[in-house]
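Colleague: Can you walk me through this one? Please start with the terms.

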Amino acid sequence: MDTTQLLKGVLDVAVLAVVSDEDGYGYDVVRRLRGAGLEEVGEASVYGTLRRLYASGALSSYVVPSDEGPHRKYYGINAQGRAMLDAQRKDWHEFSTALTALLDAEGDPR
Amino acid sequence: MTTAVLLDHVAAYASAVRSHLRDLSPEQVEDLTDGLEADLAEALEDPAGAVTTGELALGAVGAGMRLGGPDDPAAMIDLTRRFGPAGEYAAELRAAAGLGPARAAATEPGLMRRLARRITAERLTWEAALQSSAAWRTAGPFVVSLRPLWWVLRGWVWFVVTVGAFHVVVGFHSAQAFVPANPGAWLLLATSVVLSVQWGRGLLRGRAPVRALGRAGNALAVIVVLPLLLGFMSFVDARGVNAEAVSYVEVPVYEEPDRQDGVWVDGMQVSNLFAYDAQGNPLDGVQLYDDRGRQVQTTSDGSWSDWSLPGIEEPWTFAAAQDVDGRTRWNVFPLSGAPSSEWDYDDEGERVLSSVASPRTPPRPFAKAPAVHAPEADGRTSGTQGEPTSDEVLASQD
């Protein structure tokens, strides 16, 4: 199964979940997603998602200067983001429960 | 790999990505790519970074290298191998951000603008590739350090082009334009060099028209610098090492005509002189000298010239007299001669009177001149006397 296609649909909620744990910058979020098992997540996709969530008001952001290199842009979740995360988490559970039931039901007769 | 070198490559790649987002507003591009360099740099340095499709974890490759891996060193810092082509990276970024694909045909820009964007995008891609290459790491800093030399050269090119255009306008074609020939030209050269250097230092980037003018000037200089240098070298060659090489140049020269021998009356050269005595009678065999004792000669051409005489259709050629010592004398007047047709050439190529002809005195202007009162040596006038003796003529000249 092409998991990259699956990822596209759930990247928002995955990113929101990662950032809700702790504020993070672009590659930090990528690393945490990959550490959580989403190996094939695209870096640019994560960065774009972070920007989009920020633009829609779900995330806040701040810049941390670096002594020896380019500055980092950190993202943190806000109240609107938490509400969005809760809603999507609920949606995902319903969806995954339904799909699991469907797949398991078809597999049982064997 | 040092962090500074790494950051150069990262910056080049990031700017290539930004170039693919040019259809967005500057604020959107900034919002989308702010912090991109930090993320790229960290991704490169993460040895444990998971490798997604087509990506290489830089740390892993670097470790392999140090263990003697045969991998091309350039691959280590070819960011497109780690992140993919900048265009695809930008597309993924904007798609994830919900901005949709690049609006290629939404607002169809003019041909020139599209071309300029295309060139810029290509240039940035090439720059990113170039700066990621191993050769650039070796030669890049050296090439960059030569930039001031190019600025000065570019100033000179602008000067030559300006002067050349000026020459075409005013219509000089032979004048060279490579080296200033007067203070004004030196001033122009200094001005263009200063402009070029200041432009190169980035001090003149003003509004868009200024930038466009600067870029056009730079492109022009790049195109014509080689032909100009070749022209300049042949100019130096022609002036210096190969000075003996013949070249024909038309130059107006104002020179005074040579002072010519002869007698002139009213701006016209005299062919013959006729002497009359005080009574107005014509004299033959009169020797003329000036006040320094030099012979007065109307010609001494060795009978080579043909003279046009008043009232005679055929040209005449004069013969010299001989003195008693056998010397040729051209100051004995009137000169005798003969029509040119009666002259031949002898075996030695000299012009001689043909055997049937004999020299004769050309027609006199008049048979007799008016008589004059000539002062005598003793105070008497000669008007009452007969023909004077040659002694008396001599006496009257004293």
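Modeller: Two strands pair if DSSP finds at least two bridges between them. Helices (H or I, at least four residues) and strands (E, at least two) are DSSP runs, numbered from the N terminus. This is a predicted model, where local features need pLDDT of at least 70, side-chain atom pairs count only at pLDDT 80 or more, and totals for chains, interfaces and linings use all residues. Residues are numbered from 1 along each chain as its sequence is written, chains are lettered from A and ligands numbered from 1 in the order in which they are written, and side-chain values use heavy atoms, with hydrogens and water left out.

Colleague: Fine. In what order do the 3 strands of the open sheet in chain A run?

Modeller: The order is β1-β3-β2, with antiparallel pairing. β1 (24-25) and β2 (59-64) of chain A are the edge strands; each has a single partner strand, so one side of each has no neighbour in the sheet.

Colleague: How many bridges hold β2(A) to β3 of chain A?

Modeller: There are 6 bridges, antiparallel, and β3 covers residues 72-77. Y62(A) has Y74(A) as its bridge partner in β3(A).

Colleague: Is β3(A) mostly covered or mostly open?

Modeller: Mostly covered. 5 of the 6 residues in β3(A) are buried. Buried means under 20% relative accessible area, exposed over 50%, partly exposed in between (1.4 Å probe, protein chains only).

Colleague: Switching to the surface. Which residues form the nonpolar patch in chain A?

Modeller: W92(A), F95(A), L99(A), L102(A) and L103(A), together with about 510 Å² of accessible area. Patch residues have over 30% relative accessible area and no salt bridge; like charges are joined within 9 Å, nonpolar side chains (Val, Leu, Ile, Met, Phe, Trp, Tyr) within 5 Å. A salt bridge is a side-chain nitrogen of Lys or Arg within 4 Å of a carboxyl oxygen of Asp or Glu. Areas come from the Shrake-Rupley method with a 1.4 Å probe; for residues, only the protein chains shown count as cover.

Colleague: Why does L103(A) count as exposed?

Modeller: Because its relative accessibility is 52%. L103(A) sits in helix α4 (residues 79-107) of chain A.

Colleague: On to chain B. How many helices and strands?

Modeller: Chain B has 13 helices and 12 strands. Of its 398 residues, 31% are buried.

Colleague: Where does UniProt put the "transmembrane region" feature in chain B?

Modeller: The unreviewed entry places it at residues 156-179, 185-204 and 216-236. UniProt positions are given in the numbering used here, feature names are shortened, and annotations may be inferred rather than shown by experiment.

Colleague: How much helix is in residues 216-236 of chain B?

Modeller: That span is 100% helix and 0% strand, and its end C-alpha atoms lie 29 Å apart. Residues 185-204 of chain B are 80% helix and 0% strand, with the end C-alpha atoms 23 Å apart.

Colleague: What about R329(B), buried or exposed?

Modeller: R329(B) is buried, at 10% relative accessible area. R329(B) belongs to strand β8 (residues 328-329) of chain B.
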